[in-house]
Amino acid sequence: MQLEKISENKVAGGWHQRWQHDSSAINGKMTFAIFLPEKAKKQPVPVLYWLSGLTCTDENFMQKAGAFKQAATLGMAIVAPDTSPRGDDVADANQYDLGQGAGFYVNATQAPWQSHYQMYDYVAYELPELIESHFAVNNQRAIAGHSMGGHGALVIGLRNPSRYSSISAFSPICHPTECPWGKQAFSAYLGEDEQTWQAYDATVLLAQGPTAMPMLVDQGDKDGFLAEQLNPQALKQAAEKHNSPLTLRMQPGYDHSYFFISTFIDEHLAFHATRFAR
């Protein structure tokens with residue numbers, strides 16, 4: 001698969017690069033960013049896959065989270081894909097929370113979305129295969145994200161426990177089948193049969209049975225989306241039902257922004273690093 005380098009910057013002793021490639025899952029071009037620590041010059045390193053939220057691209061986390069120094073210290077690569085397919089031939093909507101920039105990490109089944117919006121397959125399968133084929137990384141993976149991306153990280157990690165060692169999230173959409181963002185997106189991408197939505201709801205997945213997957217979720221109690229959209233308590237209750245290893249931390253005074261993420265990102269990276277095989 002051909003990769004086209006868009007840019008490269010040295011940072012924290014390693015390298016931040018942006019790449020574009022043709023995606024068979026998406027049926028079009030996709031962009032991703034990767035941070036490679038200096039350790040990757042000597043040996044393959046594990047990878048944290050970061051999924052961003054509504055309206056974001058591959059650039060938001062890399063520019064705002066302040067994760068590079070800790071990732072370099074831990075010898076960890078970070079990969080951040082775009083949040084949706086993009087382009088003139090890609091279906092879109094007139095609101096920020098549907099269409100381009102709002103892929104919700106599902107495999108769409110409904111017109112006009114299904115021809116490009118296959119973000120679940122792209123993130124879970126195609127992208128890791130691409131990264132492991134072209135960069136100095138091994139097959140140890142963790143997954144994390146924010147808001148819509150926190151939803152994606154939880155769902156993809158829970159549905160693929162053999163592919164990931166741990167999951168973490170900031171302000172995730174925990175129960176999308178029961179919130180306005182999720183209902184709108186799932187109706188459009190998956191259709192009106194709500195049974196099909198459940199495969200993309202982390203709370204539903206956790207309620208169905210136990211998992212050994214370690215999970216860390218941070219949620220700010222001043223988050224303006226907390227009451228209507230996020231519902232972390234539903235996720236906690238579902239995990240407790242089967243004693244699944246979820247740590248939910250309510251962080252006083254924090255909101256939904258990257259100020260929040262940058263405050264606790266080092267702890268999330270350390271959480272994942274301790275669960276990679278040595």
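Between which two helices does the loop that holds Asn231 lie? Select Asn231 to begin: this residue sits in the loop between helix 7 (226-230) and helix 8 (232-241). Helices (H or I, at least four residues) and strands (E, at least two) are DSSP runs, numbered from the N terminus.

Two remarks apply to the whole tour. The model is predicted, so local features need pLDDT of at least 70 and side-chain atom pairs count only at pLDDT 80 or more, while totals for chains, interfaces and linings use all residues. Residues are numbered from 1 along each chain as its sequence is written, and side-chain values use heavy atoms, with hydrogens and water left out.

**Backbone features**

Remain at Asn231 and examine the backbone. The phi of Asn231 is near 55 degrees, a positive value in a residue other than glycine. Asn231 is partly exposed, because its relative accessible area is 33%; buried means under 20% relative accessible area, exposed over 50%, and partly exposed in between (1.4 Å probe, protein chains only). Accessible areas come from the Shrake-Rupley method with a 1.4 Å probe, and for residues only the protein chains shown count as cover.

Next, select Ser171, in the loop between strand 7 (167-170) and helix 5. Ser171 is not a glycine, yet has a positive phi of about 50 degrees. With a relative accessible area of 0%, Ser171 is buried.

Then move to Pro112, in the loop between strand 5 (77-81) and helix 3 (119-134). The peptide bond that leads from Ala111 to Pro112 is cis, with omega near 0 degrees. As background to these stops, most residues other than glycine have a negative phi, and most peptide bonds are trans.

**Salt bridges**

How many salt bridges does the count come to? The count is eight, where a salt bridge is a side-chain nitrogen of Lys or Arg within 4 Å of a carboxyl oxygen of Asp or Glu.

Select Glu59 and Arg18, whose side chains meet in a salt bridge (3.9 Å, N to O). This pair links distant parts of the chain: Glu59 is in helix 1 (residues 59-64) and Arg18 in strand 2 (residues 14-23), 41 residues apart. Glu59 counts as partly exposed at 30% relative accessibility, whereas Arg18 is buried, with a relative accessible area of 16%.

Proceed to Glu132 and Arg141, whose side chains form a salt bridge (2.7 Å, N to O). Glu132 is partly exposed, its relative accessible area being 26%, and Arg141 is buried at 10%.

A further pair to select is Arg249 and Asp218, whose side chains also meet in a salt bridge (2.7 Å, N to O). Here too distant parts of the chain are linked: Arg249 belongs to strand 9 (residues 246-251) and Asp218 to strand 8 (residues 215-220), 31 residues apart. Is Asp218 buried or exposed? Asp218 is buried, with a relative accessible area of 0%, while Arg249 is partly exposed at 24%.

**Buried residues and their contacts**

Select Ser52, in the loop between strand 4 (45-51) and helix 1. At 1% relative accessibility, Ser52 counts as buried. Which residues does Ser52 touch, not counting those up to four places away in sequence? Among them are Thr57, Phe61, Tyr105, His146 and Tyr258; contact means heavy atoms within 4.5 Å.

Continue to Leu158 in helix 4 (residues 148-159), a buried residue with a relative accessible area of 14%. Leaving aside neighbours within four places in sequence, Leu158 is in contact with Ile167, Ala202, Leu205, Leu206, Thr211 and Met215. The C-alpha atoms of Leu158 and Thr211 are separated by 7.6 Å, although the two residues are 53 residues apart along the chain.

Gln70 is found in helix 2 (residues 68-74) and is buried, with a relative accessible area of 18%. Not counting residues up to four places away in sequence, Gln70 touches Asp266, Leu269 and Ala270.

**A surface stop**

To end, select Glu194, in the loop between helix 5 (180-190) and helix 6 (202-208). Glu194 is partly exposed, with a relative accessible area of 49%. Together with Glu178, Glu192 and Asp193, Glu194 forms a negative surface patch. Patches are made of residues with over 30% relative accessible area and no salt bridge, like charges being joined within 9 Å and nonpolar side chains (Val, Leu, Ile, Met, Phe, Trp, Tyr) within 5 Å. Lys and Arg count as positive and Asp and Glu as negative, while His and the chain ends are not counted; the place of a charge is taken as NZ of Lys, CZ of Arg, CG of Asp or CD of Glu.
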